[in-house]
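Subject: Structure handover

Hi,

Here is the structure I promised you. Please open it and keep it in view while you read on.

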Amino acid sequence: MAQFDLFVIGAGSAGVRAARMAAQRGARVAVAEAAALGGTCVNVGCVPKKLYSYAAHFADDFRDAAGFGWHLPPATFDWAVLKKNRAAEITRLNGIYENLLTGAGAQIVTGWASVVDANTVRVQTAAGVESFSAKHILIATGGQPSVPQFPGREFVVSSDSMFDLETFPRRLLVVGGGYIACEFASIFNGLGSQVTQLYRGEQILRGFDDEVRAFIAQEVRKHGVDLRVGSDVQSVEKTSSGLVATLVDGSTIEADTVLYATGRVPNVAALGLDSVGVERGASGAIVVDEHYVTSVKSILAIGDVTARMQLTPVALAEAMVVVDRLFGAGKRDMSYEFISTAVFTHPSIGTVGYGEAQARETFGRITVYRSEFKSLKHTLSGSSERTLMKLIVEDATDRVVGLHMVGADAGEVVQGFAVAMKAGATKAVFDSTIGIHPTMAEEFVTMRTAVVY
Ligand SMILES: Cc1cc2nc3c(=O)[nH]c(=O)nc-3n(C[C@H](O)[C@H](O)[C@H](O)COP(=O)(O)OP(=O)(O)OC[C@H]3O[C@@H](n4cnc5c(N)ncnc54)[C@H](O)[C@@H]3O)c2cc1C
């Protein structure tokens with residue numbers, strides 16, 4: 001049986017990073033992958049999603065151009081071209097991931113892996129079953145979409161299928177209120193679908209700042225998404241003209257595609273975890289300590305399978321913590337505070353730190369600064385899109401503990417501010433920073449008047 005220092009199960013964001021960095025540090029490493037290298041982010045997540053978001057933004061750009069004197073012929077969109085170009089880029093990335101792994105000296109094992117005991121992994125490869133012995137086993141199997149049971153479930157699709165739909169959906173029904181549902185609603189709306197988005201809760205994007213949630217809801221509606229909250233699907237039927245969703249209030253919506261983006265669950269089935277005694281928590285997520293060690297000491301888990309913060313940069317950072325402890329500099333903890341993130345709706349959201357309600361609960365006395373405006377670009381474009389920026393400051397320390405933006409390229413703007421906030425920047429530091437004029441981002445360093453409630 002082949003012997004390894006580290007056997008990684010799953011070559012997604014977390015697994016590839018851990019395998020590559022451990023191998024670079026001289027460890028004997030193997031990584032098993034049952035599907036395409038790169039995992040969710042590369043194949044059916046961040047990367048194709050952002051490419052499609054770029055595609056959708058052209059619709060706004062073409063419209064906005066007229067106010068700047070450009071006269072364009074009516075634009076047409078070719079779904080097949082976008083799919084083909086996306087697929088070629090993803091294949092290129094799959095190849096890069098393979099080169100990164102093999103170049104670092106990690107062995108790739110293609111097939112479904114399961115844990116046999118604390119130090120043995122079995123992989124079902126095309127050639128048969130192979131067993132591997134490893135000092136450490138790292139589970140980085142990610143997650144998958146979860147679609148609830150209801151009549152007609154077989155007619156709906158998950159986010160995994162959206163990138164390769166055979167026919168472009170003229171009418172799209174999106175069910176869900178999380179960031180994935182919101183992003184797909186914006187993207188397909190931009191590409192030309194007539195989009196209805198249903199969310200059973202009171203407001204989309206639970207967990208984000210409440211004002212940001214209300215603001216983006218208003219903006220996506222202005223962009224053309226028919227967003228309905230407090231609404232849910234009861235059943236879906238197939239008819240001669242497409243799909244018909246019957247809602248809980250008895251009304252119906254016709255669509256060509258129904259996307260369910262109602263959450264994700266960890267990939268833990270058929271991994272052999274129960275027989276080895278690896279403890280699991282809510283919806284099957286693997287329970288780990290601060291060093292990502294499971295209830296079985298030689299088995300570790302990182303990334304989406306632990307259902308902490310399901311983001312690629314978080315998975316990468318967790319991988320580095322594990323590799324440093326096992327094969328490098330030693331123990332260190334990962335901080336989950338001030339992790340910036342973006343939602344690629346149209347307009348987008350960028351956020352780092354605490355929302356207003358969350359900050360009040362955590363820090364007690366806070367001061368809120370906010371600015372809402374029409375960007376310089378839209379004074380000529382004719383678009384009614386507005387931008388929201390918000391700062392939350394802890395009174396006791398003057399530290400900026402929350403920074404939120406809804407507007408163009410919000411993720412690009414917020415990333416830099418996240419560094420300042422990690423470094424503990426105070427409002428006084430923000431105030432003493434000279435802005436870049438004319439930008440939207442300068443607004444974050446020129447807010448002087450607190451919101452009075
Ligand atoms: C539509 C969508 C959009 C997203 N957008 C963003 C974004 O903009 N920004 C961001 O930061 N995050 C985004 N995410 C989240 C991000 O993709 C995940 O957080 C990230 O991919 C998690 O990495 P991971 O390595 O834990 O899991 P994954 O990337 O899911 O990798 C797990 C891998 O394990 C393999 N596997 C599973 N079981 C086995 C087994 N038994 N044997 C062998 N292989 C196995 C799977 O095939 C998969 O390749 C998005 C996710 C989705 C679905």
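Below are notes on its salt bridges.

First, the ground rules. This is a predicted model, so local features need pLDDT of at least 70 and side-chain atom pairs count only at pLDDT 80 or more, while totals for chains, interfaces and linings use all residues. Residues are numbered from 1 along each chain as its sequence is written, and side-chain values use heavy atoms, with hydrogens and water left out.

The structure holds 25 salt bridges. A salt bridge is a side-chain nitrogen of Lys or Arg within 4 Å of a carboxyl oxygen of Asp or Glu.

Start with R332 and D324. Their closest N and O atoms are 2.8 Å apart. D324 is buried, at 10% relative accessibility. R332 is partly exposed, at 35%. (Buried means under 20% relative accessible area, exposed over 50%, partly exposed in between, with a 1.4 Å probe and protein chains only.)

Next, R365 pairs with D395 at 4.0 Å, N to O. R365 sits in the loop between α10 and β19, and D395 in the loop between β20 and β21, so this bridge ties together parts 30 residues apart in sequence. (Helices are DSSP runs of H or I, at least four residues; strands are runs of E, at least two; both are numbered from the N terminus.) R365 is exposed, at 65%.

D431 and R448 also form a salt bridge, at 3.1 Å, N to O. D431 lies in helix α13, and R448 in the segment after α13.

Finally, look for the network. Salt bridges link D209, E211, E356, R360, R370, E372, R386 and K390.

Best wishes
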